[in-house]
Amino acid sequence: MPLMHDRFRTRALPGAAILLAALMLSLVGTPVQAEPDGIQAAKAKAKKLAAQVSELEEQVEMAGEQLAGAQDELGRLVSQELTAKNTLADLSTAAQRSRAATNERVRALYMSGGQTGLYATVLDGGSLVDVLARMDSVDRVLDRDRGSAEVDADAVADAARLQLELTALSERQTELEATARIAEDEIQSLLAAHQSALDDAGATVRKLTEEWRAAQARAAAERAAVQLGASGPLPTQLPSEATAAGVALRAADSVRGVPYVYAANGPDSFDCSGLTRWAYALAGVGLPRTSRQQWTVGPHPALADLQPGDLLFWANNVNDPTTIHHVALYVGAGWMIHAPHTGDVVRYARVYLDGYIGATRPTT
C-alpha cells in the first residue's frame, strides 16, 4: 500500500515538477564530458604554431623591406652611373676638340714667330688706330689660348671627379648586390621554414591555428576600436578625388585581391610599402620605397587625429622607428587597407594596435 501511495503521489505532481524530476534522474550518474586529450594537445600545438607563423611572416616582411630598399637604391645608382658616364664621354669629346683647336693655334703661332712675332706685326700698322686694333687682336688670341688652357684644366678636374664618383658608385653597387642576395636567401629560408611548419602540422592543427589567429585578430581589433573611439562598418564615403588621400585610397581599392609578394612594387603584386608608394604615386605624391623611409615623410598625427589616407606603421620596438616593418593606409572608422604578408592579398582589415608605432600624413 505505501508503494501504491508513492506511485500515486508521483502521478499527482504538476507537469513542470515531473519534467524537473525526470531531468534530475537523467543526470544522475552522467559524468561531465571533458575535452579529449587529443583536442587539448592539438590546441596547444595550434597556439604555438600560430606564434611561430606570425614571427616568420614578420621576419619575411623585414627581409623583404631590406631587399626592396637595396633594389631601389640599385636602380638609382644605375641612373647616376649612366649620367656620370655620359658626362665623362661629353667631357672627353670636348677635350679632344679643344686640344685640336689649341694645337692648330699653336702651329699658327709658331709659324708667325710665337708671341714675339705676333706683337711684331703690331708695329706694321700704318696709324695709331691700326696699331691699337692689331694689339687688341693679338691680346684676344693670347687670352683665348689662356682661357682654353683653363677650360682644359677644369675639364681634366671634372673628369677626375667623375671617375672617382664612378668608382664609388661601382663599389656601392657591389655592396647593395651582396645585401640583396643575402636578403633574398634569408627570405627563401624563412619561407621554407614557414611551409615546413605548416606541413609538419596535421590538418586539425592547421585549422585550429587559423581559428586561433582569427580570434586574436578580432580581439586586437576590438581593443583598437576602444582606443580609436571608432568602430562600425567599412566607410563607403572616401575623401574627395581632388585630394591626394582620396586618389591614393581609390587606387589601393582598385587592386584589392592582388597578392602580396615580398619586394613587389605592383601593379600585379605588392608588398606593404610597395602598395602605399604606388597608390600615392598615382596621386602625385612621391614616397620613398620602404616603410622605414616612408615614416620620415610628413607630420605624425596622434591616434585620435587620424584621417583617411594617413599611413599607419608597425614596429618590433614601438620606441625605435628603425625597427618598422609594416605600413598600411588608414580608411577611417577603425579600418585600413594593406598588403599583409606572404600568402595573403591586398584587402581591408580592422586596425590593430599591437606593435603600432604611429602614423604619417603624406603631403604634396
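In which sense do β2 and strand β3 pair, and over how many bridges? They pair in the antiparallel sense, over three bridges; two strands count as paired when DSSP finds at least two bridges between them.

Some housekeeping before you click. This is a predicted model, where local features need pLDDT of at least 70, side-chain atom pairs count only at pLDDT 80 or more, and totals for chains, interfaces and linings use all residues. Residues are numbered from 1 along each chain as its sequence is written, and side-chain values use heavy atoms, leaving out hydrogens and water.

**Stop 1: the whole chain**

Helices (H or I, at least four residues) and strands (E, at least two) are DSSP runs, numbered from the N terminus. Along the sequence the pattern reads α-α-α-α-α-α-α-α-α-β-β-β-β-β. Of the 364 residues, 36% are buried, meaning under 20% relative accessible area with a 1.4 Å probe and protein chains only.

**Stop 2: α7 and α8**

Select residues 244-254 for helix α7 and residues 272-281 for helix α8. Their axes lie 7 Å apart, at an angle of about 125 degrees; axes are lines fitted to C-alpha atoms over the stretch in contact, and angles run from 0 to 180 degrees between N-to-C directions. The two helices are therefore oblique to each other, the class left over once angles under 35 degrees (roughly parallel), over 145 (roughly antiparallel) and 65 to 115 (roughly perpendicular) are taken out.

Now show side chains. A244, A245, A248, A251, A252 and S254 in α7 meet L275, W278, A279 and Y280 in α8, where contact means heavy atoms within 4.5 Å.

Stay on α8 a moment: seven of its ten residues are buried. Those are C272, S273, G274, L275, T276, A279 and Y280.

**Stop 3**

Next, select residues 324-332, strand β2, where nine of nine residues are buried. On one pairing, five bridges join β2 to strand β1 (residues 311-315), and these two strands run antiparallel. Pick F313 and look across to V327 in β2, which stands opposite.

Then move to β3, residues 335-338. Here W335 is the bridge partner of G332. Finish at the hairpin of β2 and β3, which has two residues between the strands. Zoom in on A333, which takes a positive phi near 55 degrees.

Terms used:
Buried < 20%, exposed > 50% of the residue type's maximum accessible area, 1.4 Å probe, protein only.
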